[in-house]
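Here is a short briefing for a first look. Please keep the sequence and the 3D view open as you read.

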Amino acid sequence: MVLQLIIASLAMGIVYGLVAMGFVLIWRAVGVVNFAQGDLLMAGAYVAFTLTELEGLPMPVALVACAAIMALVGVVFHFLTYWPLRKSWDMTVIISTIGASIALKEIATLVWGPAPLSVEPIIPGIARFASVSIEWQFLVTIVIAAALMGMIFYLLEKTYIGNILQATAQDQYAAELIGIPVVVATSMTFAISALITGIGGMLISPIFFVSTTMGGSPGLKAFAAVIIGGFGSVPGAIIGGIVVGVIDTFSGAYISSTYRDAIVFLCLILALLVRPQGIFGEKISDKV
Amino acid sequence: MKKMSFRKILSVSAVAVLGCFLSAGTANAQELKIGVVTTLTGEKALTGVYSRNGIMLALEEINGKGGVNGKKISVMIEDDGGNDAGAVNAFNKVLSLGADVVIGPIYSTMDLSMSPSIKKAEIPTLVIGSSNDIAKQKNPWMFQTRTADAVSAAAIANYAAKKLGLKKVAILHDTDNFASGAAEVATKTLEDLKVPPILVEKYNTGDKDMTPQLAKIRASGADGILAWSQLVEAGLIMKQIQSMDIKVPVVGSNSYVTKIALDLAKDNAEGVYSVADYVYSNPAPWTAQFAANYKAKYKLESEFNSAMNYDAVYVIADAFKRAGTNDKKAMRDALAAVKEVVGVSTTYTFDANNVGGTSVAIVQVRKGVPQIIESVRGR
């Protein structure tokens with residue numbers, strides 16, 4: 001039972017981690033929390049449904065195509081919700097992401113209908129070993145999400161493009177002065193954020209089905225992961241995601257399945273009391 | 001741009017919670033105006049689509065035949081946004097638009113929250129929630145146009161214990177009013193049969209990963225699972241039970257044999273039992289005709305939401321025919337006197353507490369299609 005719970009919680013945690021990374025990238029680049037992050041997860045799941053169930057693309061192709069489409073969604077999202085409002089008060093941008101959250105859900109309802117949908121898993125069937133019996137998709141999710149995280153981490157830390165993105169995130173004005181096209185850098189950040197979140201949606205869609213509201217709970221838990229990990233830290237987001245996943249699943253099994261969400265957010269409050277800057281966080285005074 | 005503070009994040013989160021209400025109603029100078037309170041936006045919007053479809057189909061049929069006593073029926077539909085406050089607001093809205101009769105939501109909590117307003121406004125209201133608490137309101141203006149959980153939950157428990165011979169049942173249910181109430185009745189019934197449930201597990205509406213609950217059920221050595229869920233969760237639970245290799249009979253609430261849950265669960269639904277108000281594959285002529293008409297009109301299989309709302313319109317039509325007027329008091333008395341009105345989901349007879357539904361069916365999924373095994377008459 002414990003091994004089963006560990007695998008399930010890792011799969012959930014790593015998806016929370018992907019969404020949390022999406023939050024952090026946008027936060028670092030433009031200084032706002034994107035309240036539509038969970039809905040980008042939902043968008044990724046619907047794109048996956050269209051590519052695999054309707055278009056019948058083979059899984060590897062669908063995975064790449066989904067990533068490309070979600071990157072494009074990220075760019076469009078950037079130009080609709082952030083770019084026209086970039087010079088206004090940050091609250092304005094946040095309200096615009098909330099608007100985008102509602103709009104994305106309603107667009108999904110209009111395009112795909114209100115009924116939930118199911119998607120074929122990347123590897124169908126059930127893995128059985130030791131006392132564990134779990135869908136292969138849980139293991140696939142862990143592997144692909146971890147690989148994607150590694151790639152994004154490498155891109156940000158080790159490449160020239162990563163330097164450009166980080167420079168823009170630190171100081172848009174200074175970046176502009178040294179000749180970095182800020183619009184390219186910020187839209188690229190939004191593209192990466194939407195891409196990783198969308199792939200998260202694609203990975204969990206065969207496990208939890210596709211519905212317009214599927215982004216709500218992962219969005220909230222990822223937000224908790226961001227705070228636990230440290231606002232603005234990419235490794236913090238990943239660790240935070242896994243911590244939230246483990247607390248969520250194990251409290252459901254051993255404490256109370258009714259109050260598992262409450263326990264997650266109670267841990268969030270405790271984390272804020274004990275270490276308000278998060279595991280990898282900068283000092284809180286720098287943030288405010 | 002300056003980075004935002006945590007306080008700002010919090011205040012914005014509060015704003016984000018606020019919803020908006022859309023109205024989709026039109027008032028008509030017709031003879032009988034039905035106000036409908038249902039969910040067209042938000043998380044539960046799917047149920048509202050089914051409800052509206054059922055109502056519109058019934059209306060089309062009745063008015064197509066020249067109405068009731070030559071008088072047409074019209075509807076105005078208001079969105080409740082899927083929450084209790086929204087239901088009360090939508091109820092007040094249809095009142096202000098001049099409704100003569102109201103059809104309330106399928107969610108018991110919303111019906112219960114509307115109850116005081118219904119009593120005060122003295123307007124006959126048909127509610128579709130199944131909670132036993134609705135009858136306990138003793139509200140002379142509120143009519144439960146559905147078989148109450150007291151009947152259906154007891155039927156599930158009886159079937160599991162007597163027909164399937166289960167001795168160590170695990171109960172899994174949503175924490176909402178409908179599922180909690182039903183699980184309570186089933187627990188009581190099982191205790192009375194001397195086979196109390198060995199485990200009762202819960203989850204919150206919208207939870208996706210049932211691994212913790214199912215792992216506990218598997219570890220408990222249960223020989224059967226009784227489950228009360230909404231549509232998506234029903235599909236998820238059937239799939240996760242199979243993927244976790246739990247090979248015991250599952251008896252679920254009506255959601256388990258809806259087309260939506262079956263499409264989601266696919267092969268995993270095979271053999272699952274359910275206690276159902278309505279299944280689209282029911283061969284009874286009147287029901288089969290409804291299912292066919294519904295599918296032809298909406299290109300979608302009908303569900304219990306649509307069937308019960310469809311029935312509600314016919315129950316109103318029956319009362320209107322006998323009352324001969326849209327006077328609220330006369331309509332209430334005519335509704336209270338509804339007797340053996342055959343609907344597509346059950347037969348309606350209102351008792352002293354205004355509970356109308358009389359029966360449920362025991363159903364099993366065979367080759368992907370829910371088949372009726374037997375009908376249980378509750379009273």
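Start with helix α11 of chain B, residues 285–298. At 1.5 Å a residue, its 14 residues should span 20 Å, and its end C-alpha atoms are 20 Å apart, which agrees. The expected span is 1.5 Å times one less than the number of residues. Helices here are DSSP runs (H or I, at least four residues), strands are runs of E (at least two), and both are numbered from the N terminus.

This is a predicted model: local features need pLDDT of at least 70, side-chain atom pairs count only at pLDDT 80 or more, and totals for chains, interfaces and linings use all residues. Residues are numbered from 1 along each chain as its sequence is written, while chains are lettered from A and ligands numbered from 1 in the order in which they are written.

**Helix α11(B)**
- Thr287(B), Phe290(B), Ala291(B) and Tyr294(B) are buried in α11(B). Buried means that 20 or more other C-beta atoms lie within 10 Å of a residue's own; exposed means 12 or fewer, partly exposed lies in between, and C-beta atoms are placed from the backbone.
- The arc is that of the directions from the helix axis to the C-beta atoms.
- Pro285(B), Gln289(B), Ala292(B) and Ala296(B) are exposed on the other side of α11(B).
- The cover over the buried residues of α11(B) includes α2 and α12 (304–323) of chain B.

**Ala317(B) in helix α12**
- Ala317(B) belongs to helix α12 of chain B.
- Ala317(B) counts as buried because it has 20 C-beta neighbours inside 10 Å.
- Beyond neighbours within four places in sequence, Ala317(B) is in contact with Ile62(B), Val68(B) and Ile73(B). Contact means that C-beta atoms, placed from the backbone, lie within 7 Å.
- Leu32(B) is 285 residues from Ala317(B) along the chain, yet their C-alpha atoms are separated by 9.3 Å.

**Helix α3(B)**
- Helix α3 of chain B (residues 84–96) has 13 residues, which at 1.5 Å a residue should span 18 Å; its end C-alpha atoms are 19 Å apart, which agrees.
- Gly86(B), Ala87(B), Ala90(B), Phe91(B) and Val94(B) are buried in α3(B).
- Down the axis of α3(B), the buried residues fall within an arc of 140 degrees, so they line one face of the helix.
- That buried set packs against β1 (32–38), β2 (73–79), β3 (101–103) and α4 (108–121) of chain B.
- Gly98(B) follows α3(B) and has a positive phi, near 90 degrees.

**Domains of chain B**
- Chain B is divided into domain 1 (32–147 + 284–348) and domain 2 (150–276 + 361–377). The bounds come from an automatic or database domain assignment.
- The centres of the two domains, taken over C-alpha atoms, are 28 Å apart.
- 11 residues of domain 1 are in contact with 11 residues of domain 2.

**Between the chains**
- The contact takes 36 residues from chain B and 36 residues from chain A.
- On the side of chain B that touches chain A, α8(B) gives the most, with 6 residues.

Conventions: Two residues are in contact if their C-beta atoms, placed from the backbone, lie within 7 Å.
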